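Thank you all for coming; I would like to walk through one structure this morning, taking the domains and the contacts between them in turn. Please have a look at the sequence and the model before I go on.

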Amino acid sequence: MKPAATAHPHNPWLAHTVRIVNIASAAPGVFMCDLVFEDPAAAGEYSYLPGQFNMLYLPGLGEIAISISGDPDARACVAHTIREAGNVTRALSQLPVGASIGLRGPFGSHWPVEQCRGRDIVLVAGGIGLAPLRPVVCHLLTHRDEFGDLTLIIGAREPAGLLYPSEYEAWRAHGIDVQVTVDRADCSWSGKIGMVTNVLDRIPLRDAGQPVLMTCGPEVMMWYTVQLALGRGMRPESLFVSLERNMNCAIGLCGHCQFGPEFLCKDGPIFRYDRVASILKVDDL
Amino acid sequence: MQSPLFLARVQLDHLIRTLAEDGYQVVGPTVDQEAIVYDEISSAADLPVGWTDIQEPGKYRLQRRDDEAYFGYVVGPHSWKKYLFPPVTLVASADRTAAGWQLSTPETEPPRYAFLGVRACELAAIRIQDRVFLEGPFIDPTYQRRRAAAFVVAVNCTQAAATCFCTSMNTGPRCTAEFDLALTEIADGFLLEVGSNAGQGIAARLGTQRATAEQLEQGCAARQQAVDQIRKQMDTTGIRDLLMNNLRDPQWEEVAKRCLSCTNCTLVCPTCFCSSVAEVPDMTGDHVDRERRWDSCFNIDFSYMNGSPARNSIQSRYRQWMTHKLATWQDQFGSSGCVGCGRCITWCPVGIDLTEEVAAMRKSVETMANSSTVVSPGQEERES
Amino acid sequence: MTDTVRKRPRLAVFKFASCDGCQLSLLDCEDELLAVADAVQIAYFPEASSRMEPGPYDVTLVEGSITTPHDAHRIQEVRRISRTIVTIGACATAGGIQSLKNWANHEDYLRCVYARPEFISTLATSTPIADHIKVDFELRGCPVNRHQLLEVLGALVNGRRPRLPSHSVCLDCKRKGTVCVEVAQGIPCLGPVTHSGCGAICPSYDRGCYGCFGPAAQCNCESLTNQYLDSGTNIETLLPLLRNFNAAAPEFREASNRLEETAQERGNKR
């Protein structure tokens with residue numbers, strides 16, 4: 001018996017106690033939740049890469065996988081943006097500041113930010129899909145000079161569903177071309193109406209073979225985004241998608257999150273498109 | 001490996017006692033619930049002396065042998081995974097305190113099991129679960145502790161069931177490695193092979209003799225009998241691509257007409273490792289245990305996500321099981337997930353035969369390829 | 001906690017055509033009953049208390065099926081005064097054992113059983129509550145499992161979705177180490193098509209599953225019954241197995257009707 005040399009040294013089932021330091025509504029049915037570690041040693045050891053996720057644990061109710069939506073360089077707290085979907089998220093949304101919960105993480109693959117230095121980057125986010133891309137945005141802002149043209153396309157069903165709208169101006173000021181579009185809106189909305197692909201279709205690409213595209217949102221949105229990008233001449237190996245399945249253990253041992261040959265918890269959730277292209281459109285896989 | 005020893009029939013009890021003296025809880029085959037199951041044993045008398053099993057798809061029956069063999073059966077409804085990866089395990093606990101939740105993981109001493117009667121296909125299955133639980137980026141502590149503490153007495157098969165196909169999967173019937181001791185049952189006793197230092201330590205205390213040429217000959221013949229009796233075969237040629245390139249084949253629909261999605265095949269399978277963690281609060285809710293329980297990809301709840309199951313049909317669940325076992329397991333863990341033990345065939349209530357399903361898939365794919373009206377999956381994708 | 005701090009949901013328990021066994025499951029909760037009594041205000045529960053407060057109720061448990069015109073009317077009234085309705089047990093969720101009359105002439109039954117059948121006003125069928133009103137949650141079983149009942153009540157009180165597995169009984173047998181009675185002994189067992197909930201009791205006593213918790217999600221009764229017929233089980237054995245506490249559950253009903261057709265075809269051939 002030979003445990004893999006790279007194996008994680010701690011008991012992977014052990015959660016850390018964390019405390020809610022900030023909890024606030026972000027959009028209808030979506031809330032933000034910032035957590036700090038009770039144990040300073042655990043806080044010191046903890047670091048994550050953009051796109052990774054944590055398992056948040058409410059004893060008695062269960063655990064859920066939530067992507068980290070904060071700035072990876074800001075170490076004071078760990079930020080999450082959470083959609084109320086089931087028992088755990090609903091109960092979490094009702095907890096007060098100061099409540100303690102459990103956290104295991106970070107887990108999973110990350111967006112290829114390091115490999116993108118010097119390149120143009122296009123980010124395409126749909127709805128809650130902006131949450132796991134926000135750490136990328138934060139990183140790009142901090143290291144703006146190291147990247148080429150940066151475009152962020154944000155889509156939502158309606159204006160109220162847009163995440164972090166108060167930050168868009170700052171992002172623009174730091175040199176990110178933020179383009180926002182909604183599926184439907186009333187007359188108070190002066191922005192774009194339509195799908196993210198409509199916007200993606202029109203953005204200028206200096207050299208289609210060069211930029212990296214990262215997308216997160218509903219699977220069907222990502223599918224059309226990727227097809228359009230390919231159509232515009234972007235290379236399959238430069239496209240990255242974030243997939244979702246139910247995660248139970250987050251450590252590749254329970255089998256729940258399998259998607260073809262992939263365990264979404266440890267091989268994903270972020271994949272280079274060409275790795276998953278052949279299984280993306282298979283029904284009920 | 002040194003030359004085999006001979007352990008007299010009456011000395012088998014001595015082996016069990018010696019293991020017990022060394023602090024092992026000996027588990028082995030025993031007759032219970034009209035089957036040969038694995039359970040704690042205290043003497044050779046607990047073994048299924050003079051019993052055998054008759055197996056076919058969807059059917060298992062105990063039958064009297066005309067001799068008093070200890071290991072004259074094949075494999076039953078249980079597998080050793082119930083000891084290494086128990087059906088229910090405590091993985092973590094939470095206690096409410098004034099300072100918030102106190103979270104912990106159990107640090108209990110693992111039971112030290114001596115497995116008596118592990119067949120070659122089962123050794124291969126344990127090896128496969130080692131890769132899952134010990135050799136990935138995360139190690140499962142429960143499995144690790146139990147596995148490290150276990151002593152393995154393998155037994156070479158001297159007969160095969162109609163559902164056995166280990167020779168197709170290259171996992172048996174001969175036990176070649178990964179054991180501490182291995183037995184081959186012959187007329188008056190057992191040939192005993194030593195596979196480890198721990199095994200040597202036990203063997204030295206058993207009063208064995210060097211096996212005679214005649215005894216070795218008997219052992220060879222007995223093991224050859226098992227090889228000769230294996231009738232079932234699975235053609236594994238290109239099986240990964242056969243399954244993964246034909247995820248939309250109509251054959252999946254055919255098997256779904258018979259499949260009950262009842263989970264039996266996955267739970268008798270010695271390599272299947274799917275589980276779910278359940279919250280088990282006490283009356284006050286101040287203490288919560290997190291229990292990992294065996295689960296199955298055939299359970300409709302298993303893929304539940306965003307309000308509905310991702311695999312919302314029997315067809316899609318059967319496809320998940322078969323493609324995982326025989327195809328994507330190779331991508332994930334570098335080997336097939338199937339060891340050819342035949343349990344999924346015997347214990348399927350409607351007798352679905354994995355080997356026949358592979359053959360049916362080959363046939364269906366060929367038929368589709370020969371039919372000019374059919375669009376290949378690749379084409380579909382480009383057109384959509 | 002007192003009512004002034006937290007408003008406790010008002011609970012009602014109504015009985016329709018049934019044996020009271022499911023209501024007894026609630027009373028049988030012993031240790032947990034005090035916690036239940038603390039979490040809810042028991043406003044109407046004739047089986048447990050003579051104090052009967054009028055509606056409306058926050059949570060209403062309904063036991064039993066609809067077998068009389070009077071009950072068909074009464075259930076509408078129960079719906080009117082209840083915010084959330086949970087039906088409990090095989091009678092309320094599938095029609096119960098009394099739905100066997102759906103396959104018979106109930107007038108004949110009346111004449112057999114009652115000396116003065118003209119005094120009896122009854123419907124020709126026994127039907128589940130959900131055939132008559134909108135039901136918010138169905139809890140299966142004959143009788144219901146008290147742990148599941150507590151889970152449902154706890155979930156409703158705390159505004160969450162109840163966590164109840166919908167897999168087959170087989171998964172429970174395997175976790176317990178129970179050897180399959182069908183494969184090893186040839187005993188016809190409904191376990192592979194039956195909803196989990198009982199803890200797989202019968203197979204651990206060498207009996208086949210009777211299907212007390214009704215059909216499992218997406219169960220394949222046709223395949224299972226075909227297998228039993230092919231392996232020599234006769235229709236006379238299989239039919240009562242399916243026409244039992246959950247006889248009128250759609251999946252079991254179709255399966256038993258199909259068996260009857262098969263029997264008729266075979267009879268005709270002879």
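Predicted model: local features only at pLDDT ≥ 70, side-chain atom pairs only at ≥ 80, totals over all residues.

The contact between them takes 15 residues from domain 1 of chain A and 14 residues from domain 2 of chain A. On the domain 1 side, strand 1 (16-27) and strand 5 (78-83) of chain A each supply at least two residues, and by class that side has 7 nonpolar, 5 polar and 3 charged residues.

Chain C is likewise divided, into domain 1 (10-157) and domain 2 (169-269), with their C-alpha centres 26 Å apart. Here the contact takes 15 residues from domain 1 of chain C and 13 residues from domain 2 of chain C. Helix 4 (residues 89-94) of chain C gives the most to the domain 1 side, with 3 residues, and that side of chain C has 5 nonpolar, 9 polar and 1 charged residues.

Finally, between chains, 48 residues of chain B are in contact with 42 residues of chain A. Several elements of chain B each supply at least two residues to its side of this contact, among them helix 3 (120-134), helix 4 (141-149) and helix 11 (314-333). By class, this side of chain B has 24 nonpolar, 16 polar and 8 charged residues.

Definitions and conventions:
Residues numbered from 1 in each chain as written. Chains lettered and ligands numbered in written order. Contact = placed C-beta atoms within 7 Å. Helix = DSSP H or I, 4+ residues; strand = E, 2+ residues; numbered from the N terminus. Nonpolar A, V, L, I, M, F, W, Y, C, P; charged D, E, K, R; others polar. Domains from an automatic or database assignment.
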